[in-house]
Amino acid sequence: MIAAVISVESFVGAAGAAPKETPESGFVWKDGAEVYAKVCAFCHEANVGPTIRGRGLDPTYITFIVRHGNRAMPAFRTAEIDDESLAKVAEYVSKAAGNR
Ligand code: HEC
C-alpha cells in the first residue's frame, strides 16, 4: 500500500516536471492584430462601438479605456488581456489604417 502511494507521487512529480509548450497561464495572444480581430472587432467592426482604427488615438488613452471601460465599453482585466498584449493592441489600433 505504501509502495503504491509512493509510485503515484513519483508519477505525478515526473508529469509536473515535463516541459510544456505554453506558459502556465495556458494562453497568449499572438499579436495586437489578433486581439483586435478576436476581441475588439466584435463591437468596433459591428457598429456597436465607434471606429477606433485609423484615428491615430493615443495608445495610453486606448489602454486606459480597455482597462477601465467607459459606459457601453466593457473593462478588460489582465486575465482576459495581459499587459503585454494590451500594449500591442493599443499600438496596433493607434497605427492601423481605418476601413475607409
Ligand atoms: C462589447 C463591445 C465592445 C468590445 C468587445 C470592445 N469595445 Fe471598445 N467601445 C465599445 C463601445 C460601445 C464604446 C463607446 C463607449 C461610449 O463612449 O459610450 C467603446 C469605446 C472605445 C474607445 C473610445 C473611442 C473614442 O472614440 O474615444 C476605445 C479606445 C475602445 N473602445 C477600445 C477598444 C479596444 C482596444 C477593444 C479590444 C480590446 C475594445 N474596445 C473592445 C464597445 C466595445
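Is Asn 47 buried or exposed? Asn 47 is exposed, with a relative accessible area of 75%; exposed means over 50%, buried under 20%, and partly exposed in between, for a 1.4 Å probe and protein chains only.

## Basis of the model

This is a predicted model, in which local features need pLDDT of at least 70 and side-chain atom pairs count only at pLDDT 80 or more, while totals for chains, interfaces and linings use all residues. Residues are numbered from 1 along each chain as its sequence is written, and side-chain values use heavy atoms, with hydrogens and water left out.

His 44 lies in helix α2 and Met 73 in the loop between α3 and α4, 29 residues apart. Helices are DSSP runs of H or I with at least four residues, numbered from the N terminus. His 44 is buried, at 13% relative accessible area.

Ideal angles for six octahedral donors are 90 or 180 degrees.

## Nonpolar core

The largest nonpolar core has 16 residues, and Tyr 36, Val 39, Ile 81 and Val 89 touch the most other members. Helices α2 (32–44), α3 (59–68) and α4 (83–95) each supply at least two of its residues, with the largest share, 5 residues, coming from α2. Such a core is a set of buried Ala, Val, Leu, Ile, Met, Phe, Trp, Tyr and Cys residues joined through side-chain atoms within 4.5 Å.

Beyond four places in sequence, the contacts of Tyr 36 include His 44, Ile 52, Val 89 and Tyr 92; contact means heavy atoms within 4.5 Å. Ile 62, in helix α3, is buried at 9% relative accessible area. Ile 62 and Val 89 are 27 residues apart in sequence and 8.8 Å apart in space, C-alpha to C-alpha.

## Positive phi in two loops

Most residues other than glycine have a negative phi. Asn 47, in the loop between α2 and α3, has a positive phi of about 60°. Arg 71, in the loop between α3 and α4, has a positive phi near 50°. Arg 71 is exposed, at 83% relative accessibility.
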